[in-house]
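Have the viewer open as you read.

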Amino acid sequence: MMQILNVSASAVQFLREKIITGELKPGQKINESNLSAELGISRPPIREAFRLLEKDHLAVNVARKGTYVTEISIKNFVEVFQTREMIECYAIDLLKAANIRDLPKVNLAFDRAIKIPTPTNGMDPKHLLQYIKAFSEFHASLVESCGNSLLSDIYHSISFNLARYQFIYFSMDGGRLDNSIHTHKTTFELVKSGNYDQAKEKLRGHINHVGGLVKKRILQAAAFAAA
């Protein structure tokens with residue numbers, strides 16, 4: 001059983017990246033036989049990987065038909081970003097209540113993120129994904145720093161679904177990335193200085209800004225597909 005779980009972990013990581021970057025497209029069927037041959041593994045670990053992808057909201061199993069990549073939709077996008085905003089902003093409220101200003105994990109995550117070369121248009125999707133993971137760690141560390149493990153678990157449960165929309169954002173225009181770095185740095189410094197309310201509004205503004213651009217792109221893509 002342990003071996004199956006280890007192999008499944010590798011398979012689910014492989015599939016997560018392909019779904020987040022759009023290599024596996026929304027609505028596309030994930031062929032179990034082809035995947036087994038491609039990865040050189042048996043079907044039980046793949047089925048376990050499919051189960052984990054469903055938990056991540058990246059895939060859905062349709063009875064008697066198979067497993068499909070979940071669609072990107074305005075409804076799902078809104079739910080994910082509403083949940084994200086609620087958790088991240090409330091985490092700052094908890095930091096304020098406990099007067100927590102020392103955030104070593106957040107600082108470390110930010111330092112790692114800014115060392116990654118800023119993505120440019122047309123850059124390798126794997127590099128862009130690495131960049132997204134680094135800044136996602138910044139946000140996850142911020143939530144973890146408030147000390148509420150259940151809140152962190154809930155945040156983790158949306159993280160891979162959220163990454164799909166972050167990939168859309170970061171793919172749009174490399175020129176926006178410098179502003180994103182500045183926003184992260186400012187939010188961190190505001191918390192460190194005890195200006196929690198300002199930090200929360202800065203973070204909320206960032207989330208809503210990103211969300212507005214991504215929503216516009218999703219609507220444009222839907223209109224193009226319908227034309």
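The crossing of α2 and α3 is right-handed, meaning that the near helix is turned clockwise from the far one by less than a right angle. Contact here (heavy atoms within 4.5 Å) involves E32, S33, L35 and S36 on the α2 side and R43, I46, R47 and F50 on the α3 side. Sorted by type, that contact has three nonpolar, two polar and three charged residues. For the classes, Ala, Val, Leu, Ile, Met, Phe, Trp, Tyr, Cys and Pro are nonpolar, Asp, Glu, Lys and Arg are charged, and the others, Gly among them, are polar. Helix α2 covers residues 32–39 and α3 residues 43–55, and they pack at about 115° with axes 10 Å apart. Those axes are lines fitted to C-alpha atoms over the stretch in contact, with angles running from 0 to 180 degrees between N-to-C directions. Helices (H or I, at least four residues) and strands (E, at least two) are DSSP runs numbered from the N terminus.

A word on the source: this is a predicted model, where local features need pLDDT of at least 70 and side-chain atom pairs count only at pLDDT 80 or more, while totals for chains, interfaces and linings use all residues. Residues are numbered from 1 along each chain as its sequence is written, and side-chain values use heavy atoms, leaving out hydrogens and water.

Next, the hairpin. Strands β1 (residues 59–62) and β2 (residues 66–69) run antiparallel and are joined by four bridges; pairing takes at least two DSSP bridges. A59 has V69 of β2 as its bridge partner. Three residues sit between the strands, and R64 has a positive phi near 65°.

Points are joined across faces, edges and corners, and a volume is the space filled by probe spheres set on them.

| Space | Volume |
|---|---|
| Largest pocket | about 410 Å³ |
| Largest cavity | about 80 Å³ |

The largest pocket has 20 lining residues, with S136, E137, H156, S159 and F160 nearest its centre. In the largest cavity, α6 gives the most to the lining, with four residues.

Key:
1 Å grid on protein atoms, 1.4 Å probe; cavity = no way out; pocket = protein on both sides within 12 Å on 5 of 7 lines; lining within 4 Å.
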